[in-house]
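Here's a quick tour to read with the structure open beside you. We'll go through the annotated domains, then take a look at a sheet.

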Amino acid sequence: MDYISNTPAERNKMLKEIGLEAVEDLFKMIPKEVKADEQLNIESGISELELMRKAQLTAKKNKSIDQQISFLGAGAYDHYVPGIIDALISRSEFYTAYTPYQAELSQGTLEAIYEYQSMICDLTGMGITNASMLDGASAAAEAVAMGARISRRSKVLLPDTINPAYREVIKTYGAGAELEFINLNSEQEIIDPSLIEKEIDASTGVVVLQYPNFYGSIEKMEEISKIINEDKKVVFVIIANPILLGLLKPPAEFGADIVVGEAQSLGNGLNYGGPNLGFMACKDDRKMLRQLPGRIVGKTKDVEGKEGFVLTLQTREQHIRREKATSNICTNEALNALMATIYLSTMGKTGLREVGEQCYHKSHYLAKKIDQLPGYEVANKDNFIHEFILKVKNKKSNEVLKKLIQQDILLGFDLKRIGQEGILVCVTEKRTKAELDKLIEKLEVL
Amino acid sequence: MEEKLIKDYSSPGRKGYSLPPLEVEESEFNSELSDYLREDVQLPEVSEVDVIRHYTALSEMNYGVDSGIYPLGSCTMKYNPKRNERVARIAALSNLHPYQPEAQLQGSLEILYQLKLDLAEISAMDEITLQPASGAHGEFTSLMIVKKYFEDKEEKRTKVIVPDSAHGTNPASATMAGFEVVEIASNERGMVDLEALAEALDQDTAALMLTNPNTLGIFEEDILKITEMVHEVGALVYYDGANMNAIMGYAKPGLMNFDLMHFNLHKTFSTPHGGGGPGSGPVGVKDFLAPYLPKPVLKKDEKKYYWDQKRPKSIGKVHSFYGNYGIMLRAWAYIKTVGGAGLKKTTENAVLNANYLKSRLKDDFELPYAEDSLHEFVLSGSRQKAEGASTLHIAKRLLDYDQYAPTIYFPLVVKEAMMIEPTETENIETLDHFVETLLTISREIKEDPELVKNAPHSTTVRKLDETEAARNPNLHW
């Protein structure tokens with residue numbers, strides 16, 4: 001099956017208009033030496049019935065997370081996704097559109113992005129938000145690069161309490177911009193503010209913190225903020241989890257200059273880690289705005305005075321500024337941003353807080369019960385929101401993980417993957433009490 | 001504004017959600033954590049029906065490929081098959097956490113592996129990473145590979161050469177990777193000027209970035225000479241895969257001696273653009289560059305598929321996880337549906353459609369380059385501009401006729417450029433209608449230029465003031 005409408009007769013008519021006899025004549029400028037003389041070695045096309053059968057059969061080799069009880073988080077979160085999101089984004093006027101270059105025929109996309117920008121500004125407390133970034137990690141990397149440009153300094157303080165995948169991506173981008181990274185090592189799951197005080201100097205351009213951090217804990221934000229603020233040139237980047245910002249203070253209150261993060265948690269499913277939704281917000285400051293990467297939507301008026309929306313401030317972008325652009329970003333995650341917008345509208349003022357509270361109470365219920373079991377300890381029990389570090393005594397944690405997998409439980413992210421002890425356990429509002437109790441019971445008899 | 005903002009539907013106490021009861025006892029926030037609780041968020045208070053009506057209304061103010069022709073040059077706005085969407089929504093393929101054990105993901109990894117093999121076959125590249133999430137992301141990844149390759153060889157190379165007809169992302173990506181960009185002018189036939197290239201090439205050159213066919217739709221007929229010249233100074237040649245729809249089954253970047261490239265799954269392989277994303281920009285490399293690919297790399301042994309994390313020479317990661325997996329599922333479904341012969345037929349029809357449009361329009365609009373072109377072509381509206389209405393006006397007038405406009409004012413080498421790419425999925429009636437509309441507009445410019453200059457007239461909003469938007473930014477409510 002292909003998706004060609006024109007019949008051979010129609011194609012011949014078109015060839016005649018062009019003045020050619022055969023379709024191959026259209027390719028005669030391709031030199032013989034580079035011409036692929038054989039057919040592509042890819043099987044013949046199939047029908048929809050065959051495709052669906054093939055896909056379903058292949059899918060059977062997977063075990064999805066709804067076939068088990070999952071406590072996996074570590075940067076990708078299994079939250080409730082309201083059914084109306086898929087219904088709305090399945091409207092083809094949304095999902096089959098391109099970047100809204102022709103604003104007058106793209107008001108739907110543009111107005112939705114304006115709403116998205118507004119809600120992210122509200123959650124983060126920041127003044128400006130762009131239309132989206134590729135994912136949380138690349139948003140963090142671009143924020144660091146932006147911070148270095150603004151401060152004109154190349155030293156970056158990077159605590160190890162930041163998601164390790166983000167730290168890797170930040171360093172990949174940093175190698176391009178030739179930045180210098182200082183790793184800060186944590187004690188007891190959070191960074192000691194005095195470490196930042198010790199490392200920060202006149203060459204420090206950027207300090208990054210995650211809120212809550214990779215282990216689910218909250219750093220000493222106020223204290224660190226004060227240290228950073230002593231040098232006005234230093235750009236403070238906070239990586240935040242937006243779904244928890246219905247509950248937690250906005251990062252702007254800690255003096256963040258740039259706030260970024262992964263908004264997959266807002267109404268986007270897991271999809272094996274992509275497409276995800278990076279968000280990026282900064283202070284309402286012209287200097288900041290000029291350095292911000294990505295698309296931005298603004299409200300304006302048409303010739304008759306009617307309000308409408310356009311892509312704006314494009315002189316920062318690659319299609320205008322080319323090698324002098326703030327970033328190369330072009331395609332972003334617009335449809336995912338629409339999903340987040342619909343999610344935030346649906347959950348609204350009280351729903352987002354309720355989600356945060358349910359995550360908090362359920363994860364604390366579980367942590368308390370497990371901590372009471374002999375052989376287990378919750379390392380950060382006094383300081384976490386919806387993710388905690390479970391330490392297993394007298395047993396190997398990967399054996400515990402393996403045994404639970406056999407009982408249809410994914411206990412969490414094995415910190416061995418990043419060279420540390422323990423398991424990172426995440427509880428979202430989707431987990432039921434029965435599921436939590438089942439885990440507790442299994443751990444007890446293990 | 002035709003449709004008010006969602007916040008303006010707010011009514012205190014209104015709700016659009018319900019969650020199951022908490023079931024567990026509440027835990028106090030200890031004194032330290034309670035300092036971090038916020039008072040309030042200002043999100044809308046709306047019902048489910050409010051949300052549905054509002055976003056349905058917004059969708060009605062939009063235009064997608066399903067609405068009609070979308071002739072944006074270099075964007076390959078082809079039909080997005082619905083069966084691909086079905087595949088991407090199969091729960092056992094989509095409801096997967098990136099840190100699940102690989103043993104639970106063998107089906108998905110098999111699909112990704114097949115996609116890798118097919119992309120390698122289409123391009124004559126040896127190894128593929130699926131991690132980059134967009135075309136520009138793939139460009140950046142590629143340039144970091146180039147950088148790492150030369151670091152490994154202990155060669156300091158600082159320059160990346162980019163033709164003046166290149167996509168803006170090319171020079172921007174090169175800058176992000178820390179290279180100095182050297183732009184070279186195209187020759188009078190719209191191709192790489194070999195003399196300018198020879199002059200720019202030296203021991204400091206790390207790479208040449210090239211699109212072939214280029215953004216004028218013209219195939220670089222000296223491509224083997226070009227790649228040879230670049231290789232002679234020890235530099236690499238990078239292929240921007242935005243225009244792959246022009247050559248599938250006819251030519252392969254690997255056979256043209258490109259060393260590495262990116263694909264746009266959201267162009268060539270029919271995945272939807274989502275109003276600006278998500279896309280997916282896999283990178284293909286020749287064997288000698290495979291060690292530098294982002295980690296992890298998908299591998300297969302006798303028993304299973306697995307992610308190879310041990311990549312000591314890797315540039316590192318460019319994405320939190322494995323890239324835009326949901327998009328890869330759709331591209332896989334597309335390639336399986338269309339098949340090898342179908343991909344070639346796709347290219348043939350894309351090129352035929354473009355040449356048909358060009359043939360029908362070339363008498364009424366200036367054709368700045370007479371060279372044969374493939375899947376897209378560039379016209380100039382300069383004749384019409386002299387008559388009173390510019391390319392921008394023509395683009396806006398097209399909207400009145402319920403058709404999307406071509407890419408305009410790009411490539412920069414053509415004045416008043418209109419870059420037209422119809423893709424293979426448009427039928428002859430749609431193409432004819434597009435031609436007739438452009439001819440009508442051209443006639444209108446002669447008869448009543450003000451009508452065109454004041455377009456659009458029939459869209460939900462009329463021409464929007466972009467200057468005001470930039471001067472006094474209003475970026476949130």
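**Domains and a sheet**

According to UniProt, in an unreviewed entry, residues 2–442 of chain A carry the feature "domain: Glycine cleavage system P-protein N-terminal". Keep in mind that this is a predicted model.

**Chain A**
- Follow residues 2–442 of chain A from end to end, and you'll find 38% helix and 15% strand.

**Chain B domains**
- UniProt puts "domain: Aminotransferase class V" (unreviewed entry) on residues 144–274 of chain B.
- That stretch, residues 144–274 of chain B, is 26% helix and 20% strand, and its end C-alpha atoms are 28 Å apart.
- Residues 347–447 of chain B are listed by UniProt as "domain: Glycine dehydrogenase C-terminal", again from an unreviewed entry.

**The chain B sheet**
- Chain B has an open sheet of 7 strands with mixed pairing, and the order across it is β1-β7-β6-β5-β4-β2-β3.
- At the edges stand β1 (127–129) and β3 (180–184) of chain B; each has a single partner strand, so one side of each has no neighbour in the sheet.
- On average, neighbouring strands in this sheet are turned by 25° against each other, ignoring direction.

**Zooming in on one pair**
- Strands in a sheet pair up through backbone hydrogen bonds, in either a parallel or an antiparallel way.
- In chain B, β5 (residues 236–241) and β6 (residues 260–263) go for the parallel sense, over 4 bridges.
- To spot a bridge yourself, find B:Tyr239 and look for its partner in β6(B), which is B:Met261.

Terms used:
Residues numbered from 1 in each chain as written. Chains lettered and ligands numbered in written order. Predicted model: local features only at pLDDT ≥ 70, side-chain atom pairs only at ≥ 80, totals over all residues. UniProt positions renumbered as here; feature names shortened; annotations may be inferred. Helix = DSSP H or I, 4+ residues; strand = E, 2+ residues; numbered from the N terminus. Pairing = 2+ DSSP bridges. Axes fitted to C-alpha atoms, helices over the stretch in contact; angles between N-to-C directions.
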